[in-house]
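Hi everyone, thanks for coming. Have a look at it first.

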Amino acid sequence: MDLMEAIQGRRSIRKYKSDPVPEEVFHTLMEAVRWSPSWANTQCWEVIAIKDPKVKSELATALPKGNPALSSMTDAPLVLVLCGKKGISGSYKGQAVTAKGDWLMFDTGIAMQSLCLAAYSLGLGTVVVGMFDHKKAEEILKVPQNVEVVAMTPLGYPATGGATPKRKDISEFVFSDRYGEKG
Ligand SMILES: Cc1cc2nc3c(=O)[nH]c(=O)nc-3n(C[C@H](O)[C@H](O)[C@H](O)COP(=O)(O)O)c2cc1C
């Protein structure tokens with residue numbers, strides 16, 4: 001699949017079939033994560049792949065009732081939880097080197113996009129889920145103190161396509177030379 005086709009065609013999928021994700025497809029998606037760029041190639045990401053329906057149901061309790069992705073957490077055959085090891089990305093000898101502190105959100109965000117685009121190119125659906133009780137999720141998944149849960153996505157074959165939310169026009173976010181200036 002052409003890259004721009006994947007970038008423009010990928011949609012958040014919130015309804016899934018129960019068909020399992022083949023092992024080789026899962027492996028390809030982990031390759032997409034693996035080859036993502038990261039701060040000084042620190043690769044702070046870790047992925048928890050959840051198949052066990054009991055763990056998926058427990059994890060779903062960390063989402064607020066109003067989260068539109070709630071049912072997909074138990075309907076999809078797999079849930080992937082993207083974690084980041086703290087104090088690595090954006091740091092040198094244990095010290096943050098920019099005012100932004102830990103860059104783990106940035107690196108895991110890139111990794112998530114690689115995963116979502118690769119999944120789409122292989123016919124699978126994803127939806128990035130960020131609105132949930134992270135502390136609760138970390139307890140349920142027994143994530144250690146030096147690691148944090150960042151986001152997750154159900155993974156599986158789409159039962160229905162996603163709507164296409166409107167995007168801003170390019171002219172609304174591109175400036176020339178200095179902030180706010182139009183060319
Ligand atoms: C960081 C992040 C967090 C998100 N959290 C949620 C979420 O908790 N629940 C949900 O249903 N969708 C969530 N989304 C999906 C967005 O709503 C979706 O990407 C956006 O509406 C654009 O739609 P599209 O992905 O189909 O292009 C999240 C997306 C991102 C990037």
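Predicted model: local features only at pLDDT ≥ 70, side-chain atom pairs only at ≥ 80, totals over all residues.

So, let's start at the ligand: a polar side-chain atom of Arg10 sits 2.9 Å from one of the ligand's oxygen atoms. That's what I'll call a polar contact, meaning a pair of N or O atoms within 3.5 Å. Arg14 has one too, with a polar side-chain atom 2.8 Å from a ligand oxygen. And for Arg167, an N or O atom in the side chain is 2.8 Å from an oxygen atom of the ligand. On its own the ligand would expose 620 Å², and the protein buries 64% of that (areas by the Shrake-Rupley method with a 1.4 Å probe).

Residues are numbered from 1 along each chain as its sequence is written, and side-chain values use heavy atoms, leaving out hydrogens and water.

Who else is around the ligand? There are 14 residues, and Arg11, Ser12, Arg14, Asn67 and Arg167 come nearest (near means a heavy atom within 4 Å). That shell splits into seven nonpolar, three polar and four charged residues. For the record, Ala, Val, Leu, Ile, Met, Phe, Trp, Tyr, Cys and Pro count as nonpolar, Asp, Glu, Lys and Arg as charged, and the others, Gly among them, as polar.

Next, helix α5, residues 104-121. Its 18 residues reach 26 Å from first C-alpha to last, close to the 26 Å expected at 1.5 Å a residue (that's 1.5 Å times one less than the number of residues). Helices here are DSSP runs of H or I, at least four residues, and strands are runs of E, at least two, numbered from the N terminus. Buried residues of α5 include Leu104, Thr108, Ala111 and Leu115; buried means under 20% relative accessible area, exposed over 50%, and partly exposed in between, with a 1.4 Å probe and protein chains only. Among the elements covering them are α1, α2 and β6. Just after α5, Gly123 takes a positive phi of about 90°.

Beyond four places away in sequence, Ser91 touches Trp39, Ala96 and Val97 (contact is heavy atoms within 4.5 Å). Ser57, in helix α3, is partly exposed, because its relative accessible area is 38%.

Definitions and conventions
Polar contact = N/O pair within 3.5 Å; in protein donor to acceptor, adjacent residues only side chain to side chain.
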